[in-house]
Amino acid sequence: MFEKVLIANRGEIALRIHRACREMGIHTVAVHSTADADAMHVRLADESVCIGPPPAKDSYLNIPAILSAAAITGADAIHPGIGFMAEKAQFAEMVEEHGFVFIGPTPAHIRAMGDKVIAKKTVADAGLPVVPGSDGPVGTVEQALEVAHDIGYPVLIKAAAGSGGKGMKGARNPQSLREAFGLARGEARAAFGADDVYIEKFLTRPRHIEVQVLADTHGNAVHFGERDCSVQRRHQKVVEEAPSPALNAEERDYIGTLASRTTQRIGYRGVGTMEFLFEDGQFYFIEMNTRLQVEHTISEMITGIDLVREQIRIATGAPLGFDQSDIRFSGHSVECRINAEHPETFVPSPGRIEGYHAPGGLGVRVDSALYDGYLVPPNYDSLIAKLIVHGATRNECLMRLRRALEEFVIGGIETTLPLHQRLIQEQDFINGSYDIHWLEGLLARIR
Ligand code: MV4
């Protein structure tokens, strides 16, 4: 087992990783920018190293500073957390070249899945259903028109290097495709420095359903069921739940089994997430995330398994300590992402926390690095807390969520708590009948 792990991240996820390490008897090293000198992850870690000024590019993305911190503290391994260095294949490579273990997938898998065209081909070859579209990158308008003619309109042009919807353009006829094609390439080049694009059938009312997978370095892979992440705004997830209220037992078993089998076939290692669009009873793979995700918590709640602990164990080369039949699914879990933002305008609201009270009780979990008096810096992602609840049934879970949201007090700044209180009382949410457009529709109606 590792003796010391460096956590190359900040905020609630740095704390989440610290907690797993502590319970495993592993010493932790926190790294932080000057803006985070008083952060909770720094306070709780055994050691800490300041790696630069507030801008992330000079600190949390500063590879030489992070590797130097690992060297001077004598860390065995580096956990990249979520965001920042988590899906940078080159960072993973450099970590290993410098003699540390990268707690994550191989650089080759990170690189392959980072290119959405290669990702699609890789999983399609392994047997996953993908969205109908071009077989690879599309280089000319003529080629684009031909693909669209074959699959039918509307179509979506996506950047191969893209994620989070950047560089995505829809087209509903040949004329709009001619226009959108050039725009998509230009945007892709500007955003990612690579203008490869591909084309897919545009699914109009899908749900976003993703499957949590885990594989060891001995050829074993399992899944932890699906999460429904359809409640989102501008490609930012707002509420996630597991299991999805949209799937029946057969669909659930089908997609879970398919995802873990694919994970095994591609020789994956560590935790990962296969993302699907689900429409009219059909699943379509869109992307694979080669990292821990913010919403991993709800999969933990319904299975009772600590995914960060498993991630660390697998990085030491240990085999999975259980197989699929040992993973028992129990009850229902929902996560609300609470951001330091105005609940109606979504304008960021950094500042001093004045008054903090986290909810508790059976089935309530709060993952947050907040404390009374903490100064939320303006430099980073606005996620400040995750409220995660579990109940024996979906109804119990939602009643508990409502109660916990009522108890939660975060004073001094604006937060999205009121938005959550409102949206979980919507009939469509209570019925579980929402798709990827539902929240934006609701926000437009209540404005
Ligand atoms: C799509 C789609 C409809 N059809 N692909 C958005 C971000 C990127 N990860 C994939 N995305 C989408 N791909 C096809 N063929 C709709 C979206 C999409 C979306 C997907 C998941 C969650 C929220 C979304 C919001 C808008 C669009």
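I started with strand 1 (residues 4–7) and strand 2 (residues 27–33), which pair in the parallel sense over four bridges. Pairing here needs at least two DSSP bridges between two strands. Strands are DSSP runs of E with at least two residues, helices are runs of H or I with at least four, and both are numbered from the N terminus. I looked up Val-5 and found it opposite Thr-28 in strand 2.

I noted the source next: this is a predicted model, in which local features need pLDDT of at least 70 and side-chain atom pairs count only at pLDDT 80 or more, while totals for chains, interfaces and linings use all residues. Residues are numbered from 1 along each chain as its sequence is written, and side-chain values use heavy atoms, without hydrogens and water.

I searched for salt bridges and got 32 in the whole structure. The criterion is a side-chain nitrogen of Lys or Arg within 4 Å of a carboxyl oxygen of Asp or Glu.

I checked Glu-47 and Lys-4 and found a salt bridge at 2.6 Å, N to O. Glu-47 is in strand 3 and Lys-4 in strand 1, so the pair ties together parts 43 residues apart in sequence. Glu-47 is partly exposed at 28% relative accessible area, whereas Lys-4 is buried at 17%. Buried means under 20%, exposed over 50%, partly exposed in between (1.4 Å probe, protein chains only).

I moved on to Glu-241 and Arg-394, which meet at 2.7 Å, N to O. Glu-241 sits in strand 11 (residues 236–242) and Arg-394 in helix 12 (residues 394–407), 153 residues apart. Both are buried.

My last pair was Arg-337 and Glu-295, with closest N and O atoms 2.8 Å apart. Both are buried. They also belong to a salt-bridge network with Glu-210, Arg-227, Lys-237 and Glu-240.
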